[in-house]
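Please look over the model below before reading the numbered points.

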Amino acid sequence: MKKQSISVLNRRDFLLKLSIACAALPLVTKAGLQQVTSDTLPAQIENAFFSVAFDVKTGSFFIRRKQGPTFLSNAIVRVQTAEELLATNLERYRHSTEKSTFSDGLGEGRQLIIRSKDKEKRLDIELGIVLYPSLSAVFIEAICRNVSMQPVTLQYINPLCAVIEEKGSLNWPQASKL
């Protein structure tokens, strides 16, 4: 029997591969975007380029451009286990948010931390969204925690999922392909 080798990635390489492989974002028309955005949510963190808001009722997040149309709306985190597909917009999750500031190699930043606790006490999800004052970029990281007494096999974590079935959208003007 042939032994399988397991490739160990450091955290940076893992996050890079995850961010490249896991984004599921449909392009929509401006008319379609207006139907799914929630402009009534106040920004929880912002910089000169973007504002970020999380809706604790729906389990979805929004990223708005300061100048121009909404960038991302109704985005969720999805986690596929061997047994089921989980997402932050499921009723089994209760959400809380926390804001913090920090400093790293990119400078001083503001972070919105969203904790989604599983009422079934199986898998908690934590989402971190970071903005830096001088960068026109949004950094997103998702973490899962097994809070059950049983092992959970993760097949994938999708830290940014904005698909039509979930009323999510990405608005990228002048883009013909993504």
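1. Rings of Phe, Tyr and Trp (its six-membered ring) pair if their centres lie within 6.5 Å; planes under 30 degrees apart count as stacked, over 60 as edge-to-face and the rest as tilted. One aromatic cluster is formed by Phe50, Phe71 and Trp172.

2. A word on the source: this is a predicted model, in which local features need pLDDT of at least 70 and side-chain atom pairs count only at pLDDT 80 or more, while totals for chains, interfaces and linings use all residues. Residues are numbered from 1 along each chain as its sequence is written, and side-chain values use heavy atoms, with hydrogens and water left out.

3. How many helices and strands does the protein have? There are 2 helices and 11 strands, where helices (H or I, at least four residues) and strands (E, at least two) are DSSP runs numbered from the N terminus. Along the sequence the order is α-α-β-β-β-β-β-β-β-β-β-β-β.

4. The structure holds 4 aromatic pairs. In one of them, the ring centres of Phe102 and Tyr132 are 6.0 Å apart and the planes stand at 75°, so this pair is edge-to-face. Phe102 is in strand S6 (residues 93-104) and Tyr132 is in the loop between S8 and S9, so the pair ties together parts that are 30 residues apart in sequence. Tyr132 also pairs with Phe139: their centres are 5.5 Å apart and their planes at 90°, so this pair too is edge-to-face.

5. Tyr132 counts as buried because its relative accessibility is 5%. Phe102, at 25%, is partly exposed, and so is Phe139, at 35%.

6. The largest nonpolar core has 27 residues, and those touching the most other members are Val52, Phe61, Ile63, Leu72, Val79, Leu123 and Leu127. Strands S2 (50-55), S3 (60-65), S4, S7, S8 (123-131), S9 (139-146) and S10 (154-161) each give two or more residues to this core. A nonpolar core is a set of buried Ala, Val, Leu, Ile, Met, Phe, Trp, Tyr and Cys residues joined through side-chain atoms within 4.5 Å. In soluble globular proteins, nonpolar side chains tend to be buried together.

7. Leaving out residues up to four places away in sequence, Val52 is in contact (heavy atoms within 4.5 Å) with Ala43, Gln44, Ile45, Phe62, Ile63, Leu112, Ile129 and Leu131.

8. Ser73 belongs to strand S4 (residues 70-81). Ser73 counts as buried because its relative accessibility is 0%. Its side chain makes a polar contact with the side chain of Ser169 (2.9 Å). A polar contact is a pair of N or O atoms within 3.5 Å; within protein, one must be able to donate a hydrogen and the other to accept it, and residues adjacent in sequence count only if both atoms are side-chain atoms.

9. Arg115 sits in strand S7 (residues 107-118) and is partly exposed, at 26% relative accessibility. The side chains of Arg115 and Glu98 make a polar contact (2.8 Å). Arg115 and Ile125 are 10 residues apart in sequence, with their C-alpha atoms 6.1 Å apart in space.

10. For the whole protein, buried residues make up 42% of the 178 residues.

Key. Buried < 20%, exposed > 50% of the residue type's maximum accessible area, 1.4 Å probe, protein only.
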